[in-house]
Amino acid sequence: MIVQKEVNLGSRTLLHTYSDSNKYILQVETNTKYDEAYDVIPCRYTYVETEEEIKKGEE
Amino acid sequence: MGLKNRIENNTNEIKKVNEKLKVLNGFVRPLSNLNFSQSATANYSATYTIKDNETYIFIHIPTTNKAITLRFGGTITSVDWGDGTTDAILSHTYSATGDYVIKVISGTSICSYILDNLDDNKCILKCYLSNSILSLNSGAFSNCYNLQQVVINADTVITIYSDTFSTDAYNTKFYVPDNLVEDYKVATNWVNFADRIYPLSSLGE
C-alpha cells in the first residue's frame with residue numbers, strides 16, 4: 001500500500017511517499033520508478049505501488 | 001514565416017547558445033585549491049573542458065597499488081584513468097598515491113556504488129556528469145564524505161533515488177544548467193537538496 005506523510009526538512013514541509021511493503025513505487029506522470037519519493041506540497045505527481053520488491057545495492 | 005516569427009525564433013536560438021556558453025564558461029574554469037581532507041590537499045592545475053558524453057571523476061588515491069572499479073550503466077567506450085592509461089575496462093589499479101581525474105565516455109547512469117566499494121567512495125572529490133547520464137541509482141554516492149561538487153550537464157532533470165546521496169553526511173554542492181535550477185529545487189528527491197543547488201554559471205565563483 002502506498003503511504004504518504006508530511007515530513008519537515010528544516011523550514012520546509014515535504015510529502016514523503018513510499019510503500020509499506022518494501023515495494024518500488026511508480027510515479028505515474030513520468031513513468032519513473034522510485035524506492036521512495038520526497039516532493040513539494042502540493043505534490044504534482046501520483047504514485048502507485050509496483051510488484052517489484054526493493055533490493056538495496058542493485059543496479 | 002512572418003518576420004515577427006523569424007525574429008522570435010532567432011531570439012530563442014540566441015538564448016539557447018547563451019545558455020550553452022554559460023555552461024562551457026563554468027567548466028573551463030581552473031580547478032584548484034580543492035581541499036580533500038585535513039591531511040591531504042588535491043591540486044589540479046589543469047583546465048578541463050566538458051564535452052558531450054564525457055564524465056569526469058576527481059579522486060584522491062590514498063595508498064599505492066590501489067584497485068578501484070567504476071560502476072556505470074550503459075555502454076562505456078573509453079576510460080582515461082588520468083595516470084596515462086586509457087582503456088574500456090571499468091577496473092584499474094593505481095600504482096602511486098595522488099590526485100587523478102578519470103574521464104569516462106559515456107554511460108547512461110551511475111550504479112551503486114560509483115566505485116563499487118563503499119569505503120572507496122570516500123576518495124571521490126568531484127564528479128562532472130556528462131549529458132548522457134540521466135539517472136543516479138540508489139546508493140550511487142553513498143559514503144562520499146569528501147564529495148564537494150556534482151556538476152550535471154544533462155538538459156533535463158535527472159532521476160535520483162531517496163538515498164542516491166546522503167542527506168546529512170556532507171555538504172556537496174550541485175551545479176545544474178541555469179534554466180533548470182528551479183525545476184531541480186522542486187523535483188522528486190532533489191527537494192532534499194534544494195538549498196545546495198546552484199546554476200552552472202556560478203561554478204568556480
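Predicted model: local features only at pLDDT ≥ 70, side-chain atom pairs only at ≥ 80, totals over all residues.

Colleague: Let's move to chain A. What pattern does chain A follow along the sequence?

Modeller: Chain A has zero helices and six strands. Its C-alpha trace spans about 35 × 25 × 20 Å along the principal axes. Read along the sequence, the pattern is β-β-β-β-β-β.

Colleague: What is the average angle between neighbouring strands in the sheet S1-S2-S5 of chain A?

Modeller: This is an open sheet of three strands with antiparallel pairing. Strand S1 (2-9) and S5 of chain A are the edge strands, each pairing on one side only. Leaving direction aside, neighbouring strands of this sheet are turned against each other by an average of 25°.

Colleague: Which residue in S2(A) is the bridge partner of Val7(A)?

Modeller: S1(A) and S2(A) form an antiparallel pair with eight bridges. Within S2(A), the residue bridged to Val7(A) is Leu14(A).

Colleague: Why is one side of S4 and of S6 in chain A left without a neighbour in the sheet?

Modeller: These strands belong to an open, antiparallel sheet of three strands in the order S4-S3-S6 (chain A). Strand S4 (32-34) and strand S6 (47-53) of chain A stand at its edges, so each has a single partner strand. Neighbouring strands here are turned by 35° against each other on average, direction ignored. The reason you asked for is the edge position of S4 and S6 in chain A, with a single partner strand for each.

Colleague: Which residue in S6(A) is bridged to Leu26(A)?

Modeller: Strand S3 (residues 23-27) of chain A pairs with S6(A) in the antiparallel sense over four bridges. The bridge partner of Leu26(A) in S6(A) is Val48(A).

Colleague: How far apart are the closest N and O atoms of Glu52(A) and Lys33(A)?

Modeller: Side chains of opposite charge can pair when their charged atoms come close. Here Glu52(A) sits in strand S6 and Lys33(A) in strand S4 of chain A, 19 residues apart. Glu52(A) and Lys33(A) form a salt bridge, and their closest N and O atoms are separated by 3.1 Å.

Colleague: Now the backbone. Which residue does a cis peptide bond join to Ile41(A)?

Modeller: Most residues other than glycine have a negative phi, and most peptide bonds are trans. In chain B, the bond from Ile105(B) to Ser106(B) is cis, with omega near -5°, and Ser106(B) is placed in strand S9 (residues 98-106) of chain B. In chain A, the residue in question lies in the loop between strand S5 (36-40) and S6. The cis bond there has an omega of about 0°, and the residue joined to Ile41(A) is Pro42(A).

Colleague: What is the phi of Asn22(A)?

Modeller: Asn22(A) is found in the loop between strand S2 (12-19) and S3 of chain A. Although not a glycine, Asn22(A) has a positive phi, about 60°.

Colleague: Finally, the interface. Which three residues supply 34% of the area that chain B buries against chain A?

Modeller: The contact takes 21 residues from chain A and 18 residues from chain B. Between them the two chains bury about 1500 Å², 47% of it on carbon and sulfur atoms. The share of 34% on chain B, more than any other three residues supply, comes from Tyr161(B), Thr188(B) and Val191(B).

Conventions. Residues numbered from 1 in each chain as written. Chains lettered and ligands numbered in written order. Heavy atoms only, no water. Pairing = 2+ DSSP bridges. Helix = DSSP H or I, 4+ residues; strand = E, 2+ residues; numbered from the N terminus. Axes fitted to C-alpha atoms, helices over the stretch in contact; angles between N-to-C directions. Contact = heavy atoms within 4.5 Å. Buried area = accessible area lost by both parts, 1.4 Å probe. Salt bridge = Lys/Arg side-chain N within 4 Å of Asp/Glu carboxyl O.
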